[in-house]
Number of protein chains: 2
Amino acid sequence: MAVGQGGKKYLGTVDLGGSKILSVIAEGDGRRLGEDRRTTSAEEGPEVVLERIGVSLETALANAGVQRGDLAAVGICSPGPCDIDAGVISSAPNLPDWRDVPICRYLEERLGVRACLENDANAAAVGEHVYGAGRGCRHLIYITVSTGIGGGLIIDGRLYRGATGVAGEIGHMTVEPDGPVCGCGNRGCLEAFGSGTAIAARGEELVAQGGSPLLVRLAQEQGGLTAAIVGQAAEAGDSASRDIIQRAGYYLGVGLASYVNIFNPEVIIIGGGLAKMGELLLGPARAEMEARAMPEALKAVQLKPAELGDYVGVMGMVALLREATRA
Amino acid sequence: MAVGQGGKKYLGTVDLGGSKILSVIAEGDGRRLGEDRRTTSAEEGPEVVLERIGVSLETALANAGVQRGDLAAVGICSPGPCDIDAGVISSAPNLPDWRDVPICRYLEERLGVRACLENDANAAAVGEHVYGAGRGCRHLIYITVSTGIGGGLIIDGRLYRGATGVAGEIGHMTVEPDGPVCGCGNRGCLEAFGSGTAIAARGEELVAQGGSPLLVRLAQEQGGLTAAIVGQAAEAGDSASRDIIQRAGYYLGVGLASYVNIFNPEVIIIGGGLAKMGELLLGPARAEMEARAMPEALKAVQLKPAELGDYVGVMGMVALLREATRA
């Protein structure tokens, strides 16, 4: 499929994360031709990372065998709030010192093509809608469960951004008004119970209480305690670790039931690193959702794992660039 | 404004409630020409009530000085789930024995014009969007706080119905997973804390404990205890009654904050009987919303009282009929 003017049909996309950068060169139909992966090393500051993003895109171009002059557009997705009209990353929780970084202008000057920016959770929702588990749906919710809980809303086939572009804060629904303080400043958000950070914090408490010798050993061996390690201990039969994951799953299910009642969606797609825990986490979540949601809405919804893995953000940018270059 | 074919420009609308029927004859621009109000007397069963709706519409026509032959269409809104494509009221919480009532067919046969059906909370959202506090907005949430808590979502200027027409169950977001059982079967829904039913139930507890002599007296004088009576006692300075209303307001605010984070709306409109309590209920709700919602989304939203009062449902039907007869 031709995209853009003058036969320039290739799209350059970047998923900028707190720990890694993934650049992909794709055709308009979503076929991936080449890519580059490298660590973000965010501690080196925005200027160094911007340069690194440029080099990553150029390396992906070389790997794809595509000339820079054949790019129709580039698109980048970034964690945290961004001003998509201005092409500016306002701030990013895992990128210290990133404040009002004009990333689109940088990429446009470097590559000589139009650049688009989107929040990474929104991009992921679009990616799964167009190329993944939500193909053919009109109304879907994408939830990413990783360090935090984010997501995006597809309503009537389109990404819903709200009045000022900050809609879809799926992780910041209050599920226990007196719950722990969340990163957003509120108390008892879904994120404060169901995220990787919450699971790791409960694991730390468990270790501090001497509650699980296995978890203590795994944390020592792997040099720290993460949600994935708590999951590993749970899989290995540690019941206290299992309780922690199930409790996170319970709260996810409480949140999912509310989303079913509010949105009456066709599909809820669960992505992010913690989705890899599979039924250990999603089993209790599904059970709680089914126990709580209204029957009329529940029977219309399917809970599905994300399909695009690491590529979810860049594939969303491919879809958004297709739309933008067509307009 | 001309609506429909052959110069038939009048619209007949009905708001069917558990306690009253309101019929209004309007012009396409929303001007109301005549109306009829009568009690539903739902206990007499669906057949008698259908006849009563027909008589009410005919009385409103006579009061408006409009001939039945000059009606372009009629529209009715009803509480509870309905199949709007089939024109059938599936069930209605306050209308006992109403199961799969083909109300549109009845009205079409009686009046000889096309009939449309909508859920009353959805109709109210459309009414406030087109003629009330949400004029000119693209994204708004309408919340009605009365016996229960319902509402409707306007997204990108249109009523959002979801995958199977049951979206917008604003009152059935879980705000306390171990809270009291809600009418929907779930535990700890917003409705179970913030509705008139919840306030009245807490008032009953207070009276049973002998906690408020004023509330006991008001309940005796007025032959029962309602949320409005608890509000009256609170206004008269009864601190225990005030606590009950403030607690309901607190939970409303918890819910509002989540809706602000999820939808990033321009306006949230509060309607329904309990909105008449004003700042007594809405003060604590606003304070809690402001304490909890994310700043970027909070600064974009206005909390407004509904403007259309009793007419909110019928005005929504006028707007929906305009759209339907134009198509």
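Buried here means under 20% relative accessible area, with exposed over 50% and partly exposed in between (1.4 Å probe, protein chains only). This is a predicted model, where local features need pLDDT of at least 70 and side-chain atom pairs count only at pLDDT 80 or more, while totals for chains, interfaces and linings use all residues. Residues are numbered from 1 along each chain as its sequence is written, and chains are lettered from A.

**A helix to start with**
- Helix α11 of chain B is mostly covered, with 13 of its 15 residues buried; helices are DSSP runs (H or I, at least four residues), numbered from the N terminus.

**How the copies relate**
- Turn chain B by 180 degrees, with a shift of 0.0 Å along the axis, and it lands on chain A with an RMSD of 0.0 Å (least squares on the C-alpha atoms of residues with pLDDT of at least 70 in both).
- The two copies are thus related as by a two-fold rotation axis.
- Both copies use the same surface: 100% of chain B's contact residues recur in chain A (contact means heavy atoms within 4.5 Å).

**Where they meet**
- Chain B brings 39 residues to the contact, and chain A brings 39 residues.
- Between chain B and chain A, 24 residue pairs are in polar contact (both at pLDDT 80 or more); that takes a pair of N or O atoms within 3.5 Å, one able to donate a hydrogen and the other to accept it, and residues adjacent in sequence count only if both atoms are side-chain atoms.
- α8(B) gives the largest share of the side of chain B that touches chain A, 8 residues.

**One residue up close**
- A:S258 sits in helix α8 (residues 239-263) of chain A.
- A:S258 counts as buried because its relative accessibility is 1%.
- Leaving out residues up to four places away in sequence, A:S258 touches A:M173, B:H172, B:M173 and B:T174.

Notes
Heavy atoms only, no water. Helix = DSSP H or I, 4+ residues; strand = E, 2+ residues; numbered from the N terminus.
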